[in-house]
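These are my notebook entries from a first look at one structure. I kept each entry to what I looked up and how the terms were set.

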Amino acid sequence: IGSGLIAFLLMYVIPVLEKTYADAGVELPWITQCLIFSGGMAQRYALWGVASLILSAAAVKQVRKNERLAAEMDRRLIAAPWIGKWLRDIAVLQVMDVLSNLLNAGFTLADALHETADSVGNRAVERGVRNLHRAVQRGERFSRELENQEGLFPPIVNQLVIVGESTGRLADSTQEICEHLRSESERKTTVLVGALEPLLTISLAIAIAVILLAIYLPMFDMVHTIS
């Protein structure tokens, strides 16, 4: 809403004021000139900007049809600072949630991993689950293969899986993993929203202050000139 309001002011209100000030012969301060220039650029290239966004979204969608490129994109996302671990925890939570339900329903670990791979939105984590499925089919220990994919699965997942394997209660361990990851995801979401809210408020306040200064400074000069 704030971005739409600012775009409306730049594209429709500022040009009207520019004509008014030009007719009055008022010398415009630099901040007003910058705003007028921005409004002109917005009017001239707005459609190009929208078209670029649409084409970019279509290009990303097309690229993600390639499994290898999609997995690499998602791997870079979960390795990104700030939001990477949050996205990784959400993807791993999807894995463990489905895996826990399937194990409790009587599926073997290998069959459960095979079905779980199709339920993950993150392609990098999906490939990791498929690697786990192949390793378990070969007879490898689940916990050892998880340890080999430390970048995709948090250490707590491997630790709880080891406990589940040693006690013979792997399904219960996956439920505990889900509870832990769900609480972590909620905590990180709260922190992210808490940081984003004041940032957006301050940014919007600064943008409105700049626009008001750009509008009213020439108006004060015009009133002074008339006086």
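**Entry 1: ground rules.** I am working with a predicted model, in which local features need pLDDT of at least 70 and side-chain atom pairs count only at pLDDT 80 or more, while totals for chains, interfaces and linings use all residues. Residues are numbered from 1 along each chain as its sequence is written, and side-chain values use heavy atoms, with hydrogens and water left out.

**Entry 2: an aromatic pair.** I looked for rings of Phe, Tyr and Trp (its six-membered ring), which pair if their centres lie within 6.5 Å, with planes under 30 degrees apart called stacked, over 60 edge-to-face and the rest tilted. By this rule I found a count of 1 aromatic pair. Phe8 and Tyr12 form that pair, which is tilted, with 5.6 Å from centre to centre and 35° between the planes. Both sit in helix H1 (residues 2–24), and because they are 4 residues apart there, about one helical turn separates them. I noted that helices (H or I, at least four residues) are DSSP runs numbered from the N terminus. An α-helix has 3.6 residues a turn, so residues three or four places apart point the same way.

How accessible is Phe8? Phe8 has 44% relative accessibility and so counts as partly exposed, given that buried means under 20% relative accessible area, exposed over 50% and partly exposed in between, with a 1.4 Å probe and protein chains only. Leu5 also lies in helix H1, and Leu5 is partly exposed at a relative accessible area of 45%. The C-alpha atoms of Leu5 and Ile208 are separated by 9.6 Å, although the two residues are 203 residues apart along the chain.

**Entry 3: H1 against H2.** I next turned to helix H2 (residues 30–63), which bends by about 60° at Tyr45; the bend at a residue is the angle between axes fitted to the seven residues ending there and the seven starting there. The axes of H1 and H2 come within 9 Å and cross at roughly 130°, where axes are lines fitted to C-alpha atoms, for helices over the stretch in contact, and angles run from 0 to 180 degrees between N-to-C directions. That makes H1 oblique to H2, since angles under 35 degrees count as roughly parallel, over 145 as roughly antiparallel, 65 to 115 as roughly perpendicular and the rest as oblique.

Which residues meet between the two helices? On the H1 side I listed Leu10, Met11, Ile14, Pro15 and Glu18, and on the H2 side Leu35, Ile36, Ser38, Gly39, Ala42, Gln43 and Ala46, where contact means heavy atoms within 4.5 Å. I also checked burial in H2, where Ile31, Thr32, Leu35, Ile36 and Gly39 are buried.

**Entry 4: Ala214.** Not counting residues up to four places away in sequence, Ala214 touches Ile31, Thr32 and Leu35. Ala214 and Trp30 are 184 residues apart in sequence, yet 8.5 Å apart in space, C-alpha to C-alpha.

**Entry 5: Ser100.** I found Ser100 in helix H4 (residues 84–104). Ser100 is buried at a relative accessible area of 4%, and apart from residues up to four places away in sequence it touches Ala171, Thr174 and Gln175.

**Entry 6: H5 against H6.** How do H5 and H6 run relative to each other? The axes of H5 and helix H6 (residues 123–137) come within 9 Å and cross at roughly 160°, and the two helices are therefore roughly antiparallel to each other. The contact is made by Leu109, Ala110, Leu113 and His114 of H5 and by Val129, Leu132, His133, Val136 and Gln137 of H6.

I then looked at Ala110, found in helix H5 (residues 109–116) and buried with a relative accessible area of 16%. Ala110 and Arg134 are 24 residues apart in sequence and 8.0 Å apart in space, C-alpha to C-alpha.

Leu109, which also lies in helix H5, is buried at a relative accessible area of 19%. Leaving aside neighbours within four places in sequence, Leu109 is in contact with Leu99, Leu103, Val136, Phe142 and Leu170.
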